[in-house]
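Morning, everyone. I have one model to go through today, and I will keep to what can be read from the coordinates. Please have a look at it first.

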Amino acid sequence: MHSPAARFLFAVAGVAAGLAVAATTVQAQGRAREFLQEDGLVTVTLGGAPVRLEVLTVRSADRTGRLPIALVTHGKPASDDDLATVHASNFRSLARDLARRGWFAVAVVRRGFGLSEGEHAYAGTCRPGADLGAMFRREGEDLAAVLAEVGRRPYADPSRVIALGGSAGGAAVLALASQPPPGLRAVVNVSGGLRLNACPFEDRLVAALAGLRPKVPALWVYARNDRTFPADLVTRMHAAAVAAGSDARMTMLDPVGEDGHHIFMSTDGRVRWYAALDAFLIDMGLPTIGPADVEVLMAAGLEPAQRTAALRYLSVPGEKALARPAGGGRLNWSMSGGDVAQARRSALEQCEKSGARCEIVAENNRLAPASPPAAAGTPTRESAQGAR
């Protein structure tokens, strides 16, 4: 029997070198590493045979002990020509946000997508009598197999597990919950379902989701302007699932962007559904952003009245930065799509519009490192910005 580490195989030449950088998280400009990250192929057993699935794992470098596991999985591109474009690395930002909430995040690419081996579950979907529910349950098997593998790692706590999926991945996590592995506490279905462009699908989808009957609580999140699953169809799906006995808790967001179907990964969408996620996790007694995290920021000298704003800042997606006037005052924060340095610059620019000299309080969910004393003749941050 191979150990979990021995089973972690790398997908392409050069990934091993990239992993070494990711796993240590480069300490640029004196900033301590934030994440321990791995990506590659993990070997699992499906249908009695070994199958390699593409996986990304992310955990906080600040956390010790065993961490609860958050599985994350993807939707299905409209065209089969795009199946190869689905990669675990696409979910790095979402996985990091979960890691900041205390989770060992595991992004899973199911069979037939990206670099994952095997055939996808949806062949012959439009065939008369084709069983959508069976297809969703097959996808859930991939998640269960990866969970069994990563749950053996010494820093993982398989007794506390959640699963989150977008679009077809939302249906996959509901299917996982229909035959829940030990430790699965809850699932989060974001814009979930499967659209069949070549044949009528609405009645079949309603029946399939109702037939899954998840055995753990599920949070459903959709947007009113979802062009794939309109609000009236979502209402039908949810009502059928509840009537069939599901503990399905609905959050319907006001319109997000041009097409609300993309909220699972879009920055604007995540700002909105993260708020529902945090409330759900608190209700379930599971880790998320909470009072202890806020106290870390309050210790930097924030005013008591800013506690709610600090919590709001902590809940939004990274990469982000929080700024305030050096003498205290209004908080300003900015998000950037993957570049904390840009977020710092934007937050400072917003803050300095008031004419104040400003400072960075936090980068992502950690206090910003203290700036080293300036050498003689070296402009300070404030004087350098004043020259702009």
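I start with strand β10, where six of the six residues are buried, so the strand is largely enclosed by the rest of the structure. Before going further, note that this is a predicted model.

What does β10 pair with? On one side there is β11, joined to β10 by four bridges and running antiparallel. A323 stands opposite N332 of β11. The hairpin made by β10 and β11 has six residues between the strands, and in it G328 takes a positive phi near 100°. β10 also pairs with β12, again antiparallel, this time through five bridges. Here R324 stands opposite E359 of β12.

Moving one strand along, β12 pairs with β13 over two bridges, also in the antiparallel sense. In that pair, E363 is placed opposite R366 of β13.

Put together, that is an open sheet of four strands, in the order β11-β10-β12-β13, with antiparallel pairing. Which strands stand at the edges? They are β11, residues 332–335, and β13; each has a single partner strand, so one side of each is left without a neighbour in the sheet.

Helix α9 covers residues 291–298, and V294, L297 and M298 are buried in it. Viewed down the axis of α9, the buried residues fall within an arc of 100°, so they line one face of the helix. What do the buried residues of α9 pack against? The list is α10 at 307–315, β10 at 320–325, β12 at 358–363 and β13 at 366–367.

Now the nonpolar cores. As a rule, nonpolar side chains in soluble globular proteins tend to be buried together. In this model the largest nonpolar core has 93 residues, and those with the most contacts inside it are F136, L164, M237 and W273. Taking F136 as the example, and leaving aside neighbours within four places in sequence, its contacts include Y122, A171, L194, L205 and L212. There is also a second, separate core of twelve residues, with L297, L302, A310 and L314 among them.

T228 lies in the loop between β8, residues 218–223, and α7, residues 231–243. Is T228 buried or exposed? Its relative accessibility is 15%, and the cut-off for buried is under 20%, so T228 counts as buried. Not counting residues up to four places away in sequence, T228 touches R195, F201 and H261.

The other position is P200, in the loop between β7, residues 184–190, and α6, residues 202–212. P200 has a relative accessible area of 67% and is exposed. From C-alpha to C-alpha, P200 and C126 are 8.3 Å apart in space, while in sequence they are 74 residues apart.

Last, the totals for the chain. It has twelve helices and 13 strands. Of its 388 residues, 51% count as buried. Among contacts between residues at least 6 apart in sequence, 69% join residues at least 24 apart. The accessible surface comes to about 16800 Å², and 54% of that belongs to carbon and sulfur atoms.

That is what I have.

Technical notes
Residues numbered from 1 in each chain as written. Predicted model: local features only at pLDDT ≥ 70, side-chain atom pairs only at ≥ 80, totals over all residues. Heavy atoms only, no water. Buried < 20%, exposed > 50% of the residue type's maximum accessible area, 1.4 Å probe, protein only. Contact = heavy atoms within 4.5 Å. Areas by Shrake-Rupley, 256 points an atom, 1.4 Å probe, with all protein chains shown as cover. Arc of directions from axis to C-beta. Pairing = 2+ DSSP bridges. Core = buried A, V, L, I, M, F, W, Y, C linked by side-chain atoms within 4.5 Å.
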